[in-house]
Amino acid sequence: MHDLNLVEEELAKKEYAILFIEGGGAHMGGQIPWDADFVRALPSLTQKYGTVVLIDEVVTGFRDSTGGWQATIGVTPDLTTLGKCIGGGLGVGALGGRADIMDMLKPKASPQQCVGHSGTWNGNPLTAAAGITACKLYIGGEVQKRANQLGAYLRERGNQVLKERGISARLYGRNIIHFYLGPIDYETSDNTLPPTRDVHKLMARTPTQERLCLHLLHRGVATMEGRLFVLSAAHTEEDIDQTVKALCDSLDAM
Ligand SMILES: Cc1ncc(COP(=O)(O)O)c(C=O)c1O
């Protein structure tokens, strides 16, 4: 992880059409967070070996900022995938990026260059209308700011609960709050980050976490296998208070 030499060694084989990474870090916006300097170094490496770099912002696009996670760290990939937020609640997927690559998707591209891209739901007017309406709400960054504030509130209150009970677990993340259960390798000064850099520890799934997931679900809080809390500007402080109460009650019942 974060080994630029290894990435360069692989790219030098000239076997890769694309280098594909997830915004924030796999999975769901940063369960295993990227080191920003590592990601910033990728475009020049891919360019050197004639491939392209794509940042998957299906989760982080418009969620982290109007410019996605890439804008928050200041990197411009060749291509970006988007989904979720841009559909305004309807199913959607989108690709954007460098004009010379995107032009190949145009039906008017030369037969040698044209990449077929037909689909029943392409450019679906209903989805597009919902998406445009939603995107107008994202302009200005207020909703993102609100989701981040709620994320911080959940993180702080949840971690207080875990520490009070002496549980070796932490909440971390920005607006999607990840639940880590495992050894605390260090206390972070930036508590959007996990208390370990060990990928195996971050990925570990224990029966305890599965039980916690069921306990929380039983109390009305869905956490996708006990892994994360997905926040939006539609949530309120009361929702977070209820979530923290559900967390306390679940831990006490286990
Ligand atoms: C980072 C990321 N990329 C892509 C996808 C796929 O999106 P969809 O299921 O809308 O095709 C997901 C789904 O959760 C995702 O989390």
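Residues are numbered from 1 along each chain as its sequence is written. Because the model is predicted, local features need pLDDT of at least 70 and side-chain atom pairs count only at pLDDT 80 or more, while totals for chains, interfaces and linings use all residues; side-chain values use heavy atoms, leaving out hydrogens and water.

**Stop 1: the sheet.** Color the strands (DSSP runs of E, at least two residues, numbered from the N terminus). Four of them form an open, mixed sheet in the order 1-2-3-4, where pairing takes at least two DSSP bridges between two strands.

Now select 79-83, which is strand 3; strand 3 pairs with strand 4 in the antiparallel sense over five bridges. Look for leucine 79, opposite glycine 97 in strand 4.

**Stop 2: the helix.** Select 36-48, helix 2, which packs on the sheet and touches strand 1 and strand 2 (52-57). Touching here is contact, with heavy atoms within 4.5 Å.

**Stop 3: the ligand.** Which residues surround the ligand? Select Glu22, His27, Met28, Asp56, Val58, Val59 and Lys84; each has a heavy atom within 4 Å of the ligand. Zoom in on aspartate 56, where a polar side-chain atom lies 2.6 Å from a ligand nitrogen atom. Then turn to lysine 84: an N or O atom in its side chain is 2.8 Å from a ligand oxygen atom.

Terms used: A polar contact is a pair of N or O atoms within 3.5 Å; within protein, one must be able to donate a hydrogen and the other to accept it, and residues adjacent in sequence count only if both atoms are side-chain atoms. Helices (H or I, at least four residues) and strands (E, at least two) are DSSP runs, numbered from the N terminus. Axes are lines fitted to C-alpha atoms, for helices over the stretch in contact, and angles run from 0 to 180 degrees between N-to-C directions.
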